[in-house]
Amino acid sequence: MCGIIAITGRDDAIAQVLAGLKRLEYRGYDSAGVAAVGAHDLEVVKRAGKLEELTRALDDTPLAASTGLGHTRWATHGAPTDRNAHPHLDPSGRVAVIHNGILENYGALKAELGDVRFASDTDSEVAAHLVARELGRLQDGPDLLTAVRRVVAQLEGAFALGFVAVDDPDTVVVAKREAPLIVAHADGVGYCASDVAALIDHTRDVAALLDGQIARIRPDGIDVVDVDGTPVEPHRFHVDWDLDAAEKQGYDHFMLKEIHEQPQAVADTLLDRLTASSDGETPRLHLDELRIDEREFARIDKVFILACGTSLHAGMLGKLAIEHWAGIPVDVEVASEFRYRDPIVDPHTLVIAISQSGETIDTIAAASHGRDQRAPVIALTNVVGSTLAREADGVLYTHAGPEIAVASTKAFTTQIVGCLILGLYLAQVRGRVYASEAEDILTRLQQIPAAIEQTLLLDQEIRELAERYRDTDYTMFIGRHAGLPIAMEGALKLKEISYLHAEAFPAGEMKHGPIALIEPGSLVVALAPAGHVFGKMVSNIQEVRARGASVLAIGTDGSTADLKEHAHHVLTLPEPPHELAGPVLAAIPLQLFAYHVATLRGEDVDQPRNLAKTVTVE
Ligand code: M6R
């Protein structure tokens, strides 16, 4: 959602702010703007639409300053127009604010300011007015940090806020509550941004502010305090990927690049999962970060997996893995629903929160609801230093590298691998599998990257199918067992980037209603690998074909011969090293199908309409 960047201490601050905004584009936005701190005033340029609009405007009105703010806005309060774009100024034009989040009490705060004219319909602008008022009240001269602290104490809601003021130049003050904010200092320049992607050009040593922290960023360093002014420590970390990883590297789109990065991403996620045990015998599986005694995990009798979107589909596969190997009952739940009912959670319940970004507000909130009931929490996330990673008792990282395209691909397949590892880990701590068995399964899983390489060779065949079906109004994805989450993921991928209507159903549910939707011209994508549900899938394929649907079946070496008799098209995947690993391969043709349909239709694949990469507001 909204992206924030601020830089202080270099003459080309505005150019660098723009470059940072470019790296934040993937978060999703509908307007953008910058503010430059001059000697006597603040200059703001902002435009609805893409960054090109802002760049054009800046070509007409170049801004020069050593301190600047930048913002990409994903509209919540107020339409995506020039006037609602950030930064916002106070009425005297001496304080500017940028904001990611929602200020829930903005109405009351505006009312309290009395008869003041607001220049926008946003919730955010009031923060600039309030900070300007506090600056005016300070007896000992302008001190932006103190003014912001006093305002933050009045705010309700979620925010990452950034302020500059003419009267306290060379200073940026930022504040964080429930929205991500990273700060950094390198070579006499201070930085802050919504995520590390915007800072990676400048430094890989960064710090994530924690909730309630406020930072004053100056060219000579960064001070972090709480709302009372007491110095506090942010979470410092080193980013282990470089600029190359955040570039397209010759691919037309980030999504395509990320699809092709899956062999490496999966290999990296599987790497170094075993450590020598203290008894010097078989190595044991471990989590990347563990902040409680492993024996706590051994005592659990129920698991909740909480996630949203694609991560939820990975969670559905996590349920199969944990129930299969660890023998613990698992519920998988949409994170945004979890805390609005009365889930039975206690210290013997394990919460597993899955999130690529580690910043999805609903997943963070659901996990903390579990923690409030004293349930141990494991985070499965791709982002080191993310809120979810910091707040969990244990963390397993997917080593997918930065995922820039809104449509999740490599994060998904690495999450599935993470779920397999978690299933084995829980089985190990509960004594359900011997370390040697876990080692054996992990060794077999090492074959997946090569199998992904082989699957990617289907690209041309899939593109031809996409050409044929690019204008299909309705596509139904069906699957059973491990095929069902992949069917759901295939439908999500297609709808989010091609805007075509797509749905997924358990194949066994077809006769209970959905088959009524099938008519000549419908496309049914059937997940039909060899395995214990294959025969049933063949029956479902026959049923939809008899009603006029075209059928594209995703099979494996062991099922293709049969499928060719029943489906119009068959894509053949290599046989996976384990049935539960099959979804890693099956996801890939569906990612490529969605990608090709969307590009053939001329859609903006990396930044689909209405969507943000990370959903940081409810
Ligand atoms: O960062 P998260 O994994 O928590 O994000 C969850 C969803 O917002 C995300 O998977 C979304 O569904 C993707 N756009 C799907 O491609």
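**Entry 1: helices H7 and H15**

I began with helix H7 (residues 262-270) and helix H15 (residues 448-456), whose axes come within 8 Å and cross at roughly 170°. H7 is therefore roughly antiparallel to H15 (angles under 35 degrees count as roughly parallel, over 145 as roughly antiparallel, 65 to 115 as roughly perpendicular and the rest as oblique). Axes are lines fitted to C-alpha atoms, for helices over the stretch in contact, and angles run from 0 to 180 degrees between N-to-C directions. Helices (H or I, at least four residues) and strands (E, at least two) are DSSP runs, numbered from the N terminus.

On the H7 side the contact is made by Gln 262, Pro 263, Val 266 and Ala 267, and on the H15 side by Ile 448, Pro 449, Ile 452, Glu 453 and Leu 456. Contact means heavy atoms within 4.5 Å. By class I found 7 nonpolar, 1 polar and 1 charged residue in the contact of H7 with H15 (Ala, Val, Leu, Ile, Met, Phe, Trp, Tyr, Cys and Pro count as nonpolar, Asp, Glu, Lys and Arg as charged, and the others, Gly among them, as polar).

**Entry 2: what I am reading**

The model is predicted: local features need pLDDT of at least 70, side-chain atom pairs count only at pLDDT 80 or more, and totals for chains, interfaces and linings use all residues. Residues are numbered from 1 along each chain as its sequence is written, and side-chain values use heavy atoms, with hydrogens and water left out.

**Entry 3: the antiparallel sheet**

I followed an open sheet of 8 strands in the order S3-S2-S4-S1-S10-S9-S11-S14, with antiparallel pairing (two strands pair if DSSP finds at least two bridges between them). Strand S3 (42-48) and strand S14 (235-238) are at the edges with a single partner strand each, so one side of each has no neighbour in the sheet. On average, neighbouring strands of this sheet are turned by 15° against each other, direction ignored.

Asp 205 has His 238 of S14 as its bridge partner.

Helix H1 (residues 13-24) lies across strand S1 (3-8), strand S2 (31-37) and strand S4 (67-73), and runs at about 25° to S4. Helix H2 (residues 51-60) packs on the sheet, where it touches S2 and S3, and its direction makes about 140° with that of S3.

Strand S25 (residues 523-527) and strand S26 (residues 550-556) run parallel and are joined by 5 bridges. Leu 523 has Ser 550 as its bridge partner in S26.

**Entry 4: the chain**

I counted 20 helices and 27 strands in the chain.
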